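Dear colleague,

Please find the structure below, together with its sequence. The notes that follow set out what was found in it.

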Amino acid sequence: MQDYFEIKPKSGLFDIDLKGLWRYRDLYVMYIKRDIVTVYKQTILGPLWYVIQPVLTTIMYMFVFGGLAGISTDEVPQPLFYLAGITLWNYFSAAFTACNNVFAANAGVFGKVYFPRLVVPLSAITSNLIKMLIQMLLFIAVYVVYAFMGTNVGVQWQIVLTPLYIFLIAFHALSWGLILSSLTTKYRDLTFLITFGLQLFMYATPVIYPLSTAPANYQAILQLNPLTPVFEAFKYSCFGCGIFDWGGLLYSTIFMLVTLFISIVVFNRVEKNFMDTV
């Protein structure tokens, strides 16, 4: 019985070590536990920060965008509307940032031990998914409270597509993060640009406003953002307002598949010699 395996160099840009990913599944689980446990290990409130952060952000949005700016929420109660957007955006932002930092944050490990490098970004989108589910429970709790209070918040049958929405957001974050991570190993200036750009990108995504409130000529531009149909579909599924567009979801899916393909090709190329530049 063979109790060893041989590590061979990759033969091409499209060579994905799927068997290796399965063989190192224990490492995948360990990275997930590390990401969840160690972040708030020495804090007093611990995992409660997963709830505190969206609550405080929602209050700020209610004051600034709902109060001072007077931006419409399509007659949806402001806490519900903002929590819906914040929950999805926090997941995208956290997963994207983790994938974008995969080379820089793990250079020490990558330079000493062999394992399929994709284990790290895949564990990042999974660990952040668990954090997002905690925030989703908060959103559901607030939703139920408003429903018992008699507020008309009509859930639509498209709510069953929520796993699809989350899947699209996860792999958009993964693919974009891997592409930019591969570039930042050589061009460090991009790190500052990406951090700033991510903050601006939130305003190009209907997180704090419904797409219907944007002028018609701007709506066409905003719909080029592949996250726009996902956020709009989720809000429509929860509240019955906004835009649900099968064509938009198809566009988002195709965009995700194309960028995922590109990201894997770029990632496979960069990981061969990134230690020379990181």
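Which residues do ring pairs link into a cluster? They are Trp89, Phe92, Phe96, Trp176, Phe201, Tyr251 and Phe255. Here, rings of Phe, Tyr and Trp (its six-membered ring) pair if their centres lie within 6.5 Å; planes under 30 degrees apart count as stacked, over 60 as edge-to-face and the rest as tilted.

Before the details, a word on the basis of these notes. This is a predicted model, in which local features need pLDDT of at least 70 and side-chain atom pairs count only at pLDDT 80 or more, while totals for chains, interfaces and linings use all residues. Residues are numbered from 1 along each chain as its sequence is written, and side-chain values use heavy atoms, with hydrogens and water left out.

Overall picture

The protein chain has 12 helices and zero strands; both are DSSP runs numbered from the N terminus, helices being H or I of at least four residues and strands E of at least two. Of its 278 residues, 46% count as buried (buried means under 20% relative accessible area, exposed over 50% and partly exposed in between, with a 1.4 Å probe and protein chains only). Among contacts between residues at least 6 apart in sequence, 80% join residues at least 24 apart, where contact means heavy atoms within 4.5 Å.

The mean pLDDT of the chain is 83, and 82% of its residues reach 70 or more; pLDDT is the predictor's confidence in each residue, from 0 to 100.

The nonpolar core

The largest nonpolar core holds 69 residues, of which Leu80, Phe92, Phe139 and Phe239 touch the most other members. Helix H4 supplies the largest share of this core, 13 residues. Such a core is a set of buried Ala, Val, Leu, Ile, Met, Phe, Trp, Tyr and Cys residues joined through side-chain atoms within 4.5 Å. Leaving aside residues up to four places away in sequence, leucine 80 touches Phe139, Val142, Tyr143, Tyr146, Val153 and Phe239.

Aromatic pairs

By the ring rule above, the count comes to 21 aromatic pairs. One of them joins phenylalanine 81 and tyrosine 82 edge-to-face, at 5.9 Å centre to centre and 80° between the planes. Phenylalanine 81 is buried because its relative accessible area is 1%, and tyrosine 82 is buried with a value of 0%.

The rings of tryptophan 89 and phenylalanine 201 have their centres 6.1 Å apart and their planes at 40°, so this pair is tilted. Tryptophan 89 lies in helix H4 and phenylalanine 201 in helix H9 (residues 189-203), so the pair ties together parts that are 112 residues apart in sequence. Tryptophan 89 is buried at 7% relative accessible area, whereas phenylalanine 201 counts as partly exposed at 22%.

Tryptophan 176, another member of the cluster, belongs to helix H8 and is buried, with a relative accessible area of 15%. Beyond residues up to four places away in sequence, tryptophan 176 touches Phe92, Phe96, Phe201, Pro226, Leu227, Phe255 and Thr259. Tryptophan 176 and methionine 256 are 80 residues apart in sequence, yet 8.9 Å apart in space, C-alpha to C-alpha.

Helices H8 and H12

The axes of helix H8 (residues 162-184) and helix H12 (residues 246-270) come within 8 Å and cross at roughly 35°. These axes are lines fitted to C-alpha atoms, for helices over the stretch in contact, with angles running from 0 to 180 degrees between N-to-C directions. Residues making the contact include Phe171, Trp176 and Ile179 of H8, and Phe255, Met256 and Thr259 of H12.

Glutamine 135 is in helix H7 (residues 119-148) and counts as buried at 8% relative accessibility. Apart from residues up to four places away in sequence, glutamine 135 touches Tyr50, Gln53, Pro54, Thr87 and Asn90.

Most residues other than glycine have a negative phi. Aspartate 74, in the loop between helix H3 (49-68) and helix H4 (78-100), has a positive phi near 55°. Glutamate 75 is found in the loop between H3 and H4, with a positive phi near 65°. Aspartate 74 counts as partly exposed at 24% relative accessibility, while glutamate 75 counts as exposed at 81%.

Yours sincerely
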